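Please keep both in view while reading the points below.

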Amino acid sequence: MRCLSWKTGERNLTTGSKIPVRIELEAISSHAVERFENSIRKHPEIEECYAVSGKTDYLLYVSVKDIRGYEEIHRQVLSRLPGVRKIRADIPLRRVVPF
């Protein structure tokens, strides 16, 4: 799975990049979970969604063209999902070790 890739020598996300986003819900009730999960399915830019344990409730992989595209999805989609308390994106600054 390719989550993020960078153009060599540039600080830009490449076309087709996926940003991992962690979501914390306001409440974990069956109704809140159902509303959130049904809403997620309506947005094709959210390519993957996993219920997880730990400090956050969900891990999403959001497809973006560039960082401005992520900002738009954050404002227009993620922040409007029902029951969301916190949104955290992990955007790498630079690659330390190649894989």
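This is a predicted model: local features need pLDDT of at least 70, side-chain atom pairs count only at pLDDT 80 or more; totals for chains, interfaces and linings use all residues.

The buried residues of helix H1 are covered by elements that include strands S1, S2, S3 and S4.

- Helix H1 comprises residues 30–40 and lies across S1 (17–25), S2, S3 and S4.
- The direction of H1 runs at about 20° to that of S3.
- The buried residues in H1 are Ala32, Phe36, Ser39 and Ile40.
- These residues cover an arc of only 105° around the axis, which puts them on the same side of H1.
- Ser30 and His31, on the other side of H1, are exposed.

**Overall architecture**

- The protein contains two helices and four strands.
- In sequence order, these elements follow the pattern β-α-β-β-α-β.
- Of the 99 residues in the protein, 33% are buried.
- The accessible surface of the protein is about 6,700 Å², and carbon and sulfur atoms account for 50% of this surface.
- When contacts between residues at least 6 apart in sequence are considered, 60% of them join residues at least 24 apart.

**The sheet**

- Strands of a sheet pair through backbone hydrogen bonds, in either a parallel or an antiparallel manner.
- In this protein, four strands form an open sheet in the order S2-S3-S1-S4, and the pairing is antiparallel.
- Strand S2 (46–51) and strand S4 (84–89) are the edge strands, each of which pairs on one side only.
- On average, neighbouring strands of this sheet are turned by 25° against each other, with direction ignored.

**Strand S3 and its partners**

- How much of S3 is buried? Five of its seven residues are buried, so S3 is largely enclosed by the rest of the structure.
- S3 (residues 58–64) pairs with S2 in the antiparallel sense over five bridges.
- S3 also pairs with S1 in the antiparallel sense, over seven bridges.
- Valine 62 in S3 stands opposite isoleucine 46.
- Tyrosine 61 in S3 is the bridge partner of glutamate 48, and proline 20 also stands opposite tyrosine 61.
- Helix H2 (residues 67–76) packs on the sheet, where it touches S1, S3 and S4. The direction of H2 makes about 130° with that of S3.

**The hairpin of S2 and S3**

- S2 and S3 form a hairpin with six residues between them.
- Glycine 54, in the turn of this hairpin, has a positive phi of about 120°.
- Threonine 56 is located in the loop between S2 and S3.
- Is threonine 56 buried or exposed? Its relative accessible area is 8%, and threonine 56 therefore counts as buried, the limit being under 20%.
- Apart from its neighbours within four places in sequence, threonine 56 is in contact with Arg22, Ile23 and Arg88.

**Aromatic pairs**

- How many aromatic pairs are found in a search of the whole structure? The search finds two.
- Phenylalanine 36 counts as buried, at 0% relative accessibility, and tyrosine 58 counts as buried at 4%.
- Tyrosine 50 and tyrosine 61 form an edge-to-face pair, with 6.3 Å from centre to centre and 85° between the planes.
- Tyrosine 50 lies in strand S2 and tyrosine 61 in strand S3, so this pair ties together parts that are eleven residues apart in sequence.
- Tyrosine 50 counts as partly exposed, at 39% relative accessibility, whereas tyrosine 61 is buried, with a relative accessible area of 10%.

Note on methods
Residues are numbered from 1 along each chain as its sequence is written. Side-chain values use heavy atoms; hydrogens and water are left out. Buried means under 20% relative accessible area, exposed over 50%, partly exposed in between (1.4 Å probe, protein chains only). Contact means heavy atoms within 4.5 Å. Accessible areas come from the Shrake-Rupley method with a 1.4 Å probe; for residues, only the protein chains shown count as cover. Two strands pair if DSSP finds at least two bridges between them. Axes are lines fitted to C-alpha atoms, for helices over the stretch in contact, and angles run from 0 to 180 degrees between N-to-C directions. Rings of Phe, Tyr and Trp (its six-membered ring) pair if their centres lie within 6.5 Å; planes under 30 degrees apart count as stacked, over 60 as edge-to-face and the rest as tilted. The arc is that of the directions from the helix axis to the C-beta atoms.
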